[in-house]
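Q: Hi, I'm new to this one. Could you walk me through it?

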Amino acid sequence: MFNRRIRELYIFFRRFQTDKLNLQNLSYMPRWFIFIIDSVLVVIGGLVNLGLMMSIDIDFFQTLPIIIRFPIYVFINMAFFMFFRTYAGLIRHSNFLDAIKLFLAVGSAHLFIISTDYLQFLITGKKIYVTTSLVFSFLLVYLLLLLFRIAIKTLFERIYPSQNKAKVMRTIVFGTDVNAIAIANALREEKPARFDVVAFMDQDVRYNNKRIFNIPILNPNEKLEELLLGMEVKAAIMVDKKLSKDEKYNLVETCLNADLKVFTGPLVSDWDSENSIGSQVRGFKIEDLLQRDPIHLDHSNVFSSIKNKTPLVTGGAGSIGSEIVFQLATHQPKRIVIVDQAETPLNDLELELRAKFPNLDFVTHIADITDAIEMEMIFEKHRPDFVYHAAAYKHVPMMEKNPTQSVLVNVMGPKIIASLSIKYKVQKFVFISTDKAVNPTNIMGATKRISEIYTQALYFNKLKTDQNITKFITTRFGNVLGSNGSVVRLFTKQIEEGGPLTLTHPEVTRYFMTIPEACQLVLEAGAMGNGGEVFLFDMGKPIKILDLAQKMIQLSGYRPYTDIGIKFVGLRPGEKLYEELLTEASVNQPTHHHKIMIAKEEIYDFIEIQQKIDNLIDLVRQSKIEETIELIKILVPEYHQPEN
C-alpha cells in the first residue's frame, strides 16, 4: 500500500510540472496542490510551535540537530497524509468525515513520532523530541489544516454565483438514514447545484412531522402522487435501503406517473472522492427495477477454489465472458487465459484489465473454438485448472438463417473444448447454457441443448472408469440485462434516436438477470458442482417486455406513446412468447443456497449421442441443411419449429 502511495505522490509532482493552475477558472483544487499546501502548513505549524517553545525556555534534546529532526518531523506527517489520502476529495465539499480523516492522519503521525521517540529512549537513553512540544504541534497543525479547508469551502461558496433556480430541480429524497442525510447535505452544498432538496420521505410514522436541516419528513403512503404534484417536485432520489424490491418498484412507478425524474444515490462507503456527489447521483436504471431481490452468494467457496489456479475463459471478450474474467481477477488466480476470436473487444478487454488489475497475470489468445489444433496448442501451453465455456452464437433470428454455423460453434466447439479438458486433466468444465435450450423452438436453443446433453453424457460415461475425471457442469439462465444484443441495449439506442421502440408481441415475457448475477452463478457453479449437474437460478417472475419498454421510456424522462412510440413487428423466426427453465421431463432439487437449484435431466447414452453428433457435424460440412435440421430434431425430441 505504501508503494502505491509513493507512486501517487510521483504522479502529483509530474502533474505539478505539466499542469497550469488557473485560479480564475478553477472549479476544483488538484490533488497535488492540496498535498503541497498541507505539507506547507505542517512546516508553518512546526515552525510556529518551535518559536513558542523556544520563547518559554524549553530545553530541547541535542540528540539530533534541528536541521535534521525538523525535516524528519515534516516527512513523517507527509507520509501519513499519503496513507490516509487526506488530499483526495473536493475541498469545497469537506465535511465531518474529512475532519475525522485529518485528525487520524495528523494524530497518527504525531503518535508515531512519540512512540519511536520513546523507543529510542529505551534503547539509547536519549530522546530526540520533547513530548509536550509534539502534543502542542499536533493541535496547531490540525487546526491549520482544518481552517484551510473551511476557508476554501467558504471561498468557493462566495466565488460561484447563485444558481438559476429554474435550472435546479426540486427534489425529494426517499430515506432518512445516515446515508440519505449525508447525500442530501452534500447536494445542498454543491456548487453549481442540480438538486434543491425540499422533502425527505420515510414510511416510518415515528418520523412524521419531524425535520432534517429544517426540511420536512413526509410519509409516502399518504396520497403520494397528489403530494408530489402539489409540491411541484421534479426529481426523486431513491436511497432508502429499508425498502423491499416491490416497495421500491411501486414508489418509482408513482414517481414516473407524476413525471418525475428518478435517481439513485451511492452508499457513503462507496463515494468516489474524486467526483462531486451530484455526478454520482445517477439516473435510475432498468436493472434497479428488476422485480426480485438480488442474489447474493458466498464468495469464500469460489475464492478458495480459484486462488493460485489457472482458469481459461472462452468467449472471454463478450459481455458474459469479460465479466467472468473480471470476477475471477478478484480471487487471486495464478493466471487467467482468455480466448476469443473478436480482435477489437479482446484488445479493449486487455487494456481495461491492465488498468484495473496491474498485478494480474493474464494472457489473451485470438482463436476460434472450432479450430481443434489451435485450441490444443493453448491447452498444452497453459494447462488450465478450470474452463468456463462462454463462447457461443446466441442471436436467435441470425442462427435461424445460419443453422450450420450454429451447429459448428454451439455443438462442435463445446465438443472440442470438452475433449481437450479431459485430455489435459482440467478439474472442472463449466458450460454456459440458456433457458432457450428448454423445449427449444429455434436452432440456437436446440444446439445449446445438444451440448448440454453431450457434456452430461460424456461425464457420466467417463466416470465409470475414472473417478478423477473432469467434472462437467452446466449453468442455465435467462436473458442478461445489458449484454451484447440484449433488448435493453436495443431499447436504449432506440430511445436515444427518438423511437419508436420495436417489440415483437405485446404478450412476450422473459426472465432477466444482471450480468454480475449471471457470472456469480457461473463461478458458484464451478465451485460447488460435483459433476453432471445443470444449475439454474430461482429467477422470480418473468418480466413482460412491453412493461420493460414503457419503464425504460419513463426512466429516460419521456412519455410512452406520446414522446416515444412503441411499435409491434411480430414474432421473429424461432421466437417464443415465453421462456422456460425446465423441460417437461425434468424436475429440480434444492442446493445449499435457496436461490440455486439443480435440474434433474435425463442422462443419454454417450456412445449413441456421440455418433449422432459426429453425423450432425458431417452433414453440416456437406451443407445439407434439411438433413441437419432433421437430425437436430432426433437429438432433441422436444425441439419444434413454431408456426410463425
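**A first look around**

A: Happy to! Let's start inside: helix H3 gives the most to the lining of the largest cavity, with four residues. Keep in mind that this is a predicted model.

Q: Which other elements give two or more residues to the lining of the largest cavity?
A: Along with helix H3 (66-84), the elements giving two or more residues to that lining are H2 and helix H5 (131-159).

Q: And what volume does the largest cavity have?
A: The volume of the largest cavity is about 180 Å³.

Q: Which residues lie nearest its centre?
A: Asn 49, Leu 50, Phe 70, Tyr 129 and Ser 133 lie nearest the centre of the largest cavity, out of 13 residues that line it.

Q: How many cavities of 30 Å³ or more does the structure hold?
A: There are four cavities of 30 Å³ or more in the structure.

Q: Let's switch to the surface. Which residues form the nonpolar patch?
A: The nonpolar patch on the surface is formed by Val 40, Ile 44, Val 48, Leu 52 and Phe 136. Together these residues have about 370 Å² of accessible area.

Q: Where does the largest share of that patch come from?
A: It comes from helix H2 (residues 31-55), which supplies four residues of the nonpolar patch.

Q: Tell me about Ile 44. Why does it count as partly exposed?
A: Ile 44 lies in helix H2. Ile 44 counts as partly exposed because its relative accessible area is 39%, and partly exposed covers the range between under 20% for buried and over 50% for exposed.

Q: Now Val 135: where is its place?
A: Val 135 has its place in helix H5. Val 135 is partly exposed too, because its relative accessibility is 43%.

Q: How many residues apart along the chain are Val 135 and Asn 49?
A: Val 135 and Asn 49 are 86 residues apart along the chain, and their C-alpha atoms are separated by 10.0 Å.

Q: Zooming out, how many helices and strands are there in the protein?
A: The protein has 21 helices and 22 strands. It comes to 644 residues, of which 51% count as buried.

Q: What about contacts in the protein with a separation of 6 or more?
A: Of those contacts, 78% are between residues 24 or more positions apart.

Conventions. Residues numbered from 1 in each chain as written. Predicted model: local features only at pLDDT ≥ 70, side-chain atom pairs only at ≥ 80, totals over all residues. Heavy atoms only, no water. Buried < 20%, exposed > 50% of the residue type's maximum accessible area, 1.4 Å probe, protein only. Contact = heavy atoms within 4.5 Å. Patch = residues over 30% accessible without salt bridge, like charges linked within 9 Å, V, L, I, M, F, W, Y side chains within 5 Å. Areas by Shrake-Rupley, 256 points an atom, 1.4 Å probe, with all protein chains shown as cover. Salt bridge = Lys/Arg side-chain N within 4 Å of Asp/Glu carboxyl O. 1 Å grid on protein atoms, 1.4 Å probe; cavity = no way out; pocket = protein on both sides within 12 Å on 5 of 7 lines; lining within 4 Å. Points joined across faces, edges and corners; volume = space filled by probe spheres on them.
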